[in-house]
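Here's a quick briefing to read with the structure open beside you. Grab a viewer and follow along.

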Amino acid sequence: MTMLEEIRCYAMRSMSGHKLKLAARSGPLCPMQQSKLDREKKLSNNWRPEWAGDDNGARFKVHCVGKKVDVDLAMHTCTCRFW
């Protein structure tokens with residue numbers, strides 16, 4: 001029982017410390033999520049979209065060196081299955 005109480009107190013201190021650190025942050029994302037987004041932005045620079053010729057302009061073939069995926073913006077689907 002004492003060990004569980006110590007774990008609870010540790011978790012509470014940890015959460016309050018993180019809350020204080022994030023209170024000074026001005027952006028909408030936490031630092032870890034912001035760094036992941038920045039990394040994905042940098043990697044997306046190599047991809048080039050080509051319009052696939054549909055009527056509403058929502059379908060694209062997106063390619064990078066050795067990879068091609070089909071992206072449908074209207075249906076929110078992609079053949080890479082990342083979306």
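This is a predicted model: local features need pLDDT of at least 70, side-chain atom pairs count only at pLDDT 80 or more; totals for chains, interfaces and linings use all residues.

Residues are numbered from 1 along each chain as its sequence is written, and side-chain values use heavy atoms, with hydrogens and water left out.

- Helices (H or I, at least four residues) and strands (E, at least two) are DSSP runs, numbered from the N terminus, and two strands pair if DSSP finds at least two bridges between them.
- Strand β1 (residues 48-51) runs antiparallel to β2 (residues 59-64), and four bridges join the two. Look for R48 opposite H63 in β2.
- β2 and β3 are also antiparallel, with six bridges. Across this pairing, V62 faces V69 in β3, and F60 stands opposite V71 in β3.
- Two residues separate β2 from β3 in a hairpin, and G66 in the turn has a positive phi of about 80°.

**Salt bridges**

- You'll find three salt bridges in the structure, a salt bridge being a side-chain nitrogen of Lys or Arg within 4 Å of a carboxyl oxygen of Asp or Glu.
- R59, K61 and D70 are linked in a salt-bridge network. D70 meets R59 at 2.5 Å, N to O. With D70 in strand β3 and R59 in strand β2, the pair ties together parts that are eleven residues apart in sequence.
- D70 also bridges to K61, with the closest N and O atoms 3.9 Å apart.
- How buried or exposed is this trio? Going by relative accessible area (buried is under 20%, exposed over 50%, partly exposed in between; 1.4 Å probe, protein chains only), D70 is buried at 14%, R59 is partly exposed at 37%, and K61 is partly exposed at 42%.

**Helix α1**

- R8 and E5 form a salt bridge, with the closest N and O atoms 2.7 Å apart. They are three residues apart in helix α1, so about one helical turn separates them.
- Both ends are partly exposed: R8 has 44% relative accessibility, and E5 has 37%.
- M1, M3, L4 and I7 make up a nonpolar surface patch with about 530 Å² of accessible area together. Such patches take residues with over 30% relative accessible area and no salt bridge, joining like charges within 9 Å and nonpolar side chains (Val, Leu, Ile, Met, Phe, Trp, Tyr) within 5 Å; areas come from the Shrake-Rupley method with a 1.4 Å probe, and for residues only the protein chains shown count as cover.
- L4 belongs to helix α1 (residues 2-23) and is exposed at 54% relative accessible area.

**Two loops**

- D54 is in the loop between β1 and β2.
- The backbone nitrogen of G57 lies 3.3 Å from a polar atom of the D54 side chain.
- H76 is in the loop between β3 (67-72) and β4 (77-78). Its phi is near 55°, a positive value in a residue other than glycine, and H76 is exposed at 51% relative accessible area.

Definitions and conventions. A polar contact is a pair of N or O atoms within 3.5 Å; within protein, one must be able to donate a hydrogen and the other to accept it, and residues adjacent in sequence count only if both atoms are side-chain atoms.
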